Amino acid sequence: MAPELAEELLRPSEIKALTGSANPDEQDRVLTREGIPHRRLGRRILVSRFHTREWLAGRPVAPSRGVNLALVTLSLIHI
């Protein structure tokens, strides 16, 4: 994964702490319910640190700001 992208995305342990679950299906539900933009790649959940900080601050989270997660593809992420 590109260093810039790796720094911008939450680690799996951080997503677990944020959502209270290690299960990607439940993580997806929590993030959607809370209005936190994210992407799902198979069993992986991608969440921007920017969006998380905005949500924590109580500001409206606009998916068009920060990293464009729509451009992330499996070919960019080396699991």
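Which element of the protein chain has the lowest mean pLDDT, and which the highest? Helix H1, residues 3-8, has the lowest at 75, and helix H2, residues 12-19, has the highest at 97. For the term itself, pLDDT is the predictor's confidence in each residue, from 0 to 100.

This is a predicted model, so local features need pLDDT of at least 70 and side-chain atom pairs count only at pLDDT 80 or more, while totals for chains, interfaces and linings use all residues. Residues are numbered from 1 along each chain as its sequence is written, and side-chain values use heavy atoms, with hydrogens and water left out. The protein chain averages a pLDDT of 84, and 71% of the residues score at least 70.

Now the layout. The chain has four helices and two strands, in the order α-α-α-β-β-α from the N terminus. Helices (H or I, at least four residues) and strands (E, at least two) are DSSP runs, numbered from the N terminus. Of the 79 residues, 35% are buried. Buried means under 20% relative accessible area, exposed over 50%, and partly exposed in between, with a 1.4 Å probe and protein chains only. The chain exposes about 5000 Å², and carbon and sulfur atoms supply 55% of that. Those areas come from the Shrake-Rupley method with a 1.4 Å probe; for residues, only the protein chains shown count as cover.

Next, the contacts. Contact means heavy atoms within 4.5 Å. Among contacts between residues at least 6 apart in sequence, 46% join residues at least 24 apart.

The largest nonpolar core has six residues: Leu-10, Ile-15, Leu-31, Ile-36, Ile-45 and Val-47. A nonpolar core here is a set of buried Ala, Val, Leu, Ile, Met, Phe, Trp, Tyr and Cys residues joined through side-chain atoms within 4.5 Å. Take Ile-36. Leaving aside neighbours within four places in sequence, Ile-36 is in contact with Leu-18, Leu-31, Val-47 and Trp-55.

On to the strands. S1, residues 38-41, and S2, residues 44-47, run antiparallel and are joined by four bridges. Two strands pair if DSSP finds at least two bridges between them. Leu-41 stands opposite Arg-44 in S2. The two strands form a hairpin with two residues between them, and Gly-42 in the turn has a positive phi of about 65°.

Helix H3, residues 24-34, is where Gln-27 sits. Gln-27 counts as buried because its relative accessible area is 7%. Not counting residues up to four places away in sequence, Gln-27 touches Ile-15, Lys-16, Thr-19, Ser-21, Ala-22 and Ile-45. One of those, Lys-16, belongs to helix H2. Lys-16 has a relative accessible area of 46%, so it is partly exposed. Lys-16 and Glu-26 are 10 residues apart in sequence, with 9.8 Å between their C-alpha atoms.

Glu-8 and Phe-50 are 42 residues apart in sequence and 7.3 Å apart in space, C-alpha to C-alpha.

The buried residues of H4 are Arg-49, Phe-50, His-51, Thr-52 and Glu-54. Leu-56 is also in H4, which spans residues 49-56. At 62% relative accessibility, Leu-56 is over the cut-off and therefore exposed. The C-alpha atoms of Leu-56 and Ile-36 are separated by 9.9 Å, with the two residues 20 apart along the chain. Just after H4, Gly-58 takes a positive phi of about 80°.
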